[in-house]
Amino acid sequence: MMTMTMTSEPPVRSSYLSGNYEPIQSEVTADLQIIAGVIPQDLNGVFARNGANPRFEPKGRYHWFDGDGMIHAVEFGNGSATYRNRYVRTAALAADLDAGECLAAGILEPPDFSRAEGPYKDTANTDLVFHAGQLLAVWWLGGEPHVVRLPDLETLGVQSHDGKRTCGLSAHPKLDMHTGELMWIDHQPFPPYLTYGVISATGELVHQTPIDLPGARLQHDLAITPNYSILMDMSMMFEPSALARGKVKLGFYPDTPSRFGLIPRFGTNEDIRWFDAEPMFMYHTVNAWESGDEVVLVGCRIDQPFTDAAPSSADRVPAIANLRLAPAFHEWRFNVRTGTCRERQLDDVYAEFPRMDNRLLGRASQFSYHQRCAETSTLLFDGVVKYDYLNGCAAQTHSYETGWFGGETVFAPRDGSTSEDDGYLITFVVHEGTGESELHVLDAQRIADAPVCRLSIAQRVPTGYHTWWVDAASVANQRPL
Ligand SMILES: [Fe+2]
């Protein structure tokens with residue numbers, strides 16, 4: 001068993017506060033200037049990206065996941081582009097602003113269970129999803145989805161789902177664009193360790209049910225198909241003895257199988273079928289679908305998630321605290337007739353933050369776009385890999401120029417898009433040395449080509465997390481809080 005104590009003393013100030021990660025405090029609105037290419041006329045909507053940007057000096061030791069949520073967005077319309085960035089105005093940020101300092105310590109410090117708001121700040125800093133007419137900013141550790149208006153990025157408040165949702169909502173809820181339903185989980189270190197639910201196309205909470213796990217598990221994602229949601233019980237666990245002492249400590253059990261639970265979309269714990277698989281940890285799934293007797297899941301699997309399991313790779317495999325990011329494209333096939341699982345690695349390139357055409361989420365898909373991990377100690381992406389699942393996972397690759405690192409590439413269908421990869425990849429790209437920041441638009445069918453356009457941004461865009469594309473019609477038809 002490998003363990004990580006979240007209260008261990010890091011040797012130096014976090015690397016996730018400097019370089020491309022250094023927070024900014026300005027909130028600006030600015031038209032973007034074209035460096036090269038042309039802004040496509042058939043790209044109309046808003047590209048938005050969430051991320052951690054601490055407003056005040058962190059209280060205690062800093063972990064990259066701690067910072068206040070800040071959204072950077074670019075509005076495209078008729079061949080022009082406007083950039084904005086704004087904090088997500090959470091209650092925790094408001095309290096800090098009133099106090100003039102950061103009030104809550106992060107996850108590297110002992111949890112403060114005396115806080116009425118919970119031991120850690122709900123920063124809404126992790127994920128974005130546009131659902132039922134609202135852009136929701138979502139936290140990795142289950143919190144309150146915050147409604148952010150487009151295009152001005154004003155935080156309208158918390159989406160409580162009429163108070164029916166009795167727990168938090170974690171990254172990464174999954175949207176079925178065929179039904180409009182949003183499937184979600186909430187995970188906590190205390191019972192119920194996992195909760196699963198469904199929100200309807202009109203934004204009503206229509207299902208919520210606790211899931212019986214043998215203990216607290218680190219979770220980050222789920223997957224969906226038309227009939228099932230896929231929940232995870234991975235080999236990464238919160239140590240029960242530490243929790244009993246009020247501490248948070250993670251352990252990886254390389255001899256304990258990971259389990260995947262297929263639950264009918266509106267099922268309960270009694271309906272789940274669990275499938276054993278090889279031990280692993282995974283932040284992000286890519287997609288899942290049904291194929292005959294099988295349910296297929298593809299994702300970014302990490303074989304050895306702790307740095308001390310592979311210390312010789314420390315200089316070329318990124319890490320966040322003691323967790324190493326060595327994710328490879330992987331497939332699991334769950335046979336619902338025999339109850340067995342087959343799995344295989346699809347590629348050996350380390351790449352993460354996978355994106356795909358969200359119109360096919362939960363249905364068989366051919367293409368996905370993964371950010372290639374640079375050989376750096378922190379998580380930076382030096383290129384994009386486009387996998388073709390139907391052709392042996394053959395890949396196209398787009399590499400950024402030396403010294404430049406990109407973020408998650410959202411897939412934006414072009415207006416009138418007729419096929420799965422008929423659209424654009426959009427991402428922020430930043431120079432590590434100078435902080436120069438650009439927005440790149442790639443042709444998703446030819447990602448190895450030079451960008452369709454490169455746009456200059458007037459300020460540095462710190463490295464962040466997850467993205468979403470909202471088309472112009474959806475922007476025009478937003479639902480108030
Ligand atoms: Fe994530």
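User: What order do the four strands of the open sheet with E7 have, and what pairing?

Analyst: This is a predicted model. In it, the strands of this open sheet run in the order E7-E8-E9-E10. Their pairing is antiparallel.

User: What makes strand E7 and strand E10 the edge strands?

Analyst: Each pairs on one side only. Strand E7 covers 127-131, and strand E10 covers 155-158. From one strand to the next, the twist averages 30 degrees.

User: How do you know that E9 and E10 pair?

Analyst: Pairing takes at least two bridges between the strands. Strand E9 (residues 146-148) is joined to E10 by three bridges. That meets the cut-off, so the two count as paired. They run antiparallel.

User: Which residue in E10 does His 146 stand opposite?

Analyst: His 146 faces Val 158 across the pairing.

User: Why is strand E5 called largely enclosed?

Analyst: A residue is buried if 20 or more other C-beta atoms lie within 10 Å of its own. Seven of the eight residues of strand E5 (residues 70-77) are buried. Strand E5 is therefore largely enclosed by the rest of the structure.

User: What makes E4 and E5 a pair?

Analyst: The cut-off is at least two bridges. Strand E4 (residues 45-49) and E5 have five. They therefore pair, in the antiparallel sense. In E5, Val 74 is the bridge partner of Phe 47.

User: How many bridges link E5 to E6?

Analyst: Eight, again set against a cut-off of at least two. So E5 and strand E6 (residues 80-87) pair, in the antiparallel sense. Val 74 has a bridge partner here as well: Tyr 83 in E6.

User: What do E5 and E6 form, and what lies between them?

Analyst: They form a hairpin, with two residues between the strands. Asn 78 is in the turn and has a positive phi of about 50 degrees.

User: What is the order of the open sheet with E21?

Analyst: Its four strands follow the order E21-E22-E25-E26, with antiparallel pairing.

User: Why are strand E21 and strand E26 called edge strands?

Analyst: Strand E21 (281-291) and strand E26 (341-345) each pair on one side only. The twist in this sheet averages 20 degrees from one strand to the next.

User: How do you know that E21 pairs with E22?

Analyst: Count the bridges. Eight join E21 to strand E22 (residues 294-302). Pairing needs at least two, so E21 and E22 pair. The strands run antiparallel. Glu 290 stands opposite Val 295 in E22.

How values were computed
Residues numbered from 1 in each chain as written. Predicted model: local features only at pLDDT ≥ 70, side-chain atom pairs only at ≥ 80, totals over all residues. Axes fitted to C-alpha atoms, helices over the stretch in contact; angles between N-to-C directions. Buried ≥ 20, exposed ≤ 12 C-beta atoms within 10 Å, placed from the backbone.
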